[in-house]
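Trainee: I have a structure open and would like to go through some of its local features. Could we start with the terms?

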Amino acid sequence: MTSHQHGQTKKAEDHSGCSHHGDHHHKSGGEPVTGGKYDKVPEGFTGTVYICPMHPEVRNPGPGSCPICGMGLEADTSTGTGDEGPNLELIDFTRRFWVGAVLTVPLLILAMSPYVGLGAIREFFGERTTLWIELLLGTPVILWSGWPFFERGYHSFRTMNLNMFSLIGMGTGAAYIFSIIAVIMPEIFPDGFRDAEGHVGVYFEAAAVIVTLVLLGQVMELRARERTGSAIKALLDMAAKTARVIREDGSEEEIPLEDVQVGDKLRVRPGDKVPVDGVVLEGRSSIDESMISGEPVPVEKVEGDNVTGATINGTGSLIIEATRVGSDTMLSQIVEMVANAQRSRAPIQKYADMVAGYFVPVVILVAIASFISWAIWGPSPALSYGLVSAVAVLIIACPCALGLATPMSIMTATGRGAQAGVLIKNAEALERFEKVDTLIVDKTGTLTEGKPKLVAVLPEEGHDEAEVLRLAASLERGSEHPLAEAIVNGAEERGVDMADATDFEAVTGKGVKGVVDGRAVALGNAKLISDMGLDGGKLSETANARRDEGETVMFVVLDNAIAGLVSVADPVKETTPAALKELHRLGFRIIMATGDNERTAKAVAAKLGIDEIRADVLPEDKARIIRELQEQGFKVAMAGDGVNDAPALAQADVGIAMGTGADVAIESAGFTLIKGNLDGIVRARRLVRATMRNIRQNLFFALVYNASGVPVAAGLLFPFFGILISPMFAAFAMSASSISVVLNALRLRRVKV
């Protein structure tokens, strides 16, 4: 996939935004078209598929226009070889614009010269010849440069999906046909249209300027789309182009990235980019993962650690085994996620579509009413004034700014999010997240590191620390439990030699028993020692105090007598306390849902300032808790990382997957935080707020502008102030409105998250 799939192949008409107006789903009540008759892609086709962003059921093996709405199709980012080449539409529109501009300038000078004190130019040629020159200059601009607009306008009327092109086609078409007849057969017009010499006023320059300005707007929008696609391009450019593969015989060879297979051994030299996702087999180094996590501090990597393609190796040399290549790598998945999000539509867009669906027919009626009113009550030449005002109404009312308002902001925001380590699945998740007031977080792996560590060994009198730890670690060496792993790792770090345990027995929910060095040893919680008929005495008080601090405490029993305690804790991530404080400031009520016992959960919650806890929660309970909160009227976001979190992530109004977690969790979530820290949620919330504010500004500008422009163009101010907008100024104003929306949306690229 290349940047051309995103940004560059975006069709002007798709994102002129005007394509969204009067969408077929307003006409058909939102029923999708069924039956697959719009799918023209043959089975087994491997090239790039082109789709209509408004009607995904339309699929073509090549570029073209949508049979439902007449808009141009765009490359589907999830298919194809990524070899679409340059954006043909941008090239075509740019060429049409320059031809239009070159011919429109002399046409404008000829037409406007009497109004700016240069009447001699017109007198030199004579009025009749001047009119023919205007016709010759204006015709290629209107009929060739403006042809795509007439084509799309025709499609829109044929399918009754009225949009920007309906208005431009009608306006320029009416002005052009009127002007041609005025030049060829002026005598057929009533006296109201003719001047003292019998000539009829023409509007070639108005129609030509309209076409040229609209083309300029389209070219600017296409370029803006390309710029918003720069996040994708930048991500793609991060990938290494080659990899250094180690062959069976130990020789090394540089090969293209696409030739790397899963299982290949690759050398990553100091300063190189990691070519694909893999696992470290040999070596030690620090890797700069800021491109995927937004975190500036390099991460230490040793044997057994995972590495991500496109991250940058530090000063050490590594040998890695490729585990994910091609479209399976994290980078490719990020690119696809960003691409899909940029194509998605926010619910707020439906309001813009609905307004536009009614707006265009109303504008046409206003234009007709304006023409009739001028013809009856206007000053001489009344019919001429009528035509001017009707064309101005059609042009100024073009709702393209309205349609651009949402897609431009969404595209820019998703690109900005990717740079900050926040992946947005679609526009709907983005809009919903703004309304979220309750955040449910898992404790393990979200608030904490997710890797328990041994924090204390407390021997009973007559025993020493090393002995108690040796007994516990020897017994736990056979267990798969994370707590067992923490004890064994703790013993290894402290240089304690372990013995082999026999007669190993796990007592569910209580602990383990076995024989070490021929002596009976048990390790477990308070339930286990009470089952064994032992009294913890003072040690029980110590154990409870430590549990209140959020630690997991286990008694070590030797020959049926308590020998001491070992305590394990899952350390809170460094970033967690500051992130929670900021989340509270951003308006979240924070609930911690954990499988831990209530005592441990309360201790962590009190330390971190969490509003509520739900302890002893089984994975299936999380979705139920979310449902109950939703029934009480709360908007709930859930942050989780495990496979067991997937149902809860799907149930929540917005699911937030920690990118360090399972693929199924990421699939179920609306947001993915690449680093998996809570400050990613802070960044996501800030970005969402900025984006929704930006969309509302855009919609306000577009709606207020259109609503206020129409009556002025219709001539409402003429009786009072003598103001009547010419179609040329209407076209300029319409283009300026679209450009202001594009520029406002692009501000999101610099928003601080």
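Mentor: Helices (H or I, at least four residues) and strands (E, at least two) are DSSP runs, numbered from the N terminus. This is a predicted model, in which local features need pLDDT of at least 70, side-chain atom pairs count only at pLDDT 80 or more, and totals for chains, interfaces and linings use all residues. Residues are numbered from 1 along each chain as its sequence is written, and side-chain values use heavy atoms, with hydrogens and water left out.

Trainee: Where is aspartate 559 placed?

Mentor: Aspartate 559 sits in the loop between strand E19 (552–558) and strand E20 (561–569). Its phi is positive, about 50 degrees, although aspartate 559 is not a glycine.

Trainee: Is aspartate 559 buried, partly exposed or exposed?

Mentor: Aspartate 559 counts as partly exposed because its relative accessibility is 40%. Buried means under 20% relative accessible area, exposed over 50%, and partly exposed in between (1.4 Å probe, protein chains only).

Trainee: What about alanine 310?

Mentor: Alanine 310 also has a positive phi, near 80 degrees, and is a residue other than glycine. Alanine 310 belongs to the loop between strand E10 (306–307) and strand E11 (312–313). With 2% relative accessibility, alanine 310 counts as buried.

Trainee: Changing topic: how many salt bridges are there?

Mentor: A search of the whole structure gives 22 salt bridges. The term refers to a side-chain nitrogen of Lys or Arg within 4 Å of a carboxyl oxygen of Asp or Glu.

Trainee: Which residue forms a salt bridge with arginine 96?

Mentor: The partner is aspartate 92, and the closest N and O atoms are 3.2 Å apart. Arginine 96 and aspartate 92 are four residues apart in helix H3, so about one helical turn separates them. Arginine 96 counts as buried at 12% relative accessibility, whereas aspartate 92 counts as partly exposed at 22%.

Trainee: And what do glutamate 582 and arginine 585 do?

Mentor: Their side chains meet in a salt bridge of 2.7 Å, N to O. Both residues lie in helix H21 (residues 576–585), three residues apart, about one turn of the helix. Glutamate 582 is buried at 17% relative accessibility, while arginine 585 is exposed at 58%. Elsewhere, salt bridges that share partners join Arg244, Glu252, Glu254 and Arg267 into one network.

Trainee: On to the aromatics: how many pairs are there?

Mentor: Rings of Phe, Tyr and Trp (its six-membered ring) pair if their centres lie within 6.5 Å; planes under 30 degrees apart count as stacked, over 60 as edge-to-face and the rest as tilted. By this rule there are six aromatic pairs. In one of them, phenylalanine 93 and phenylalanine 149 are edge-to-face, 6.3 Å centre to centre with 80 degrees between the planes.

Trainee: Where do phenylalanine 93 and phenylalanine 149 lie?

Mentor: Phenylalanine 93 is in helix H3 (residues 88–112) and phenylalanine 149 in helix H6 (residues 147–159), so this pair, 56 residues apart, links distant parts of the chain. Phenylalanine 93 counts as buried at 1% relative accessibility, and phenylalanine 149 counts as buried at 2%. Tryptophan 147 and phenylalanine 150 form a tilted pair, 6.5 Å centre to centre with 50 degrees between the planes. Tryptophan 147 is partly exposed, with a relative accessible area of 44%.

Trainee: Which residues form one aromatic cluster?

Mentor: Phe433, Phe588 and Phe671 form one aromatic cluster.
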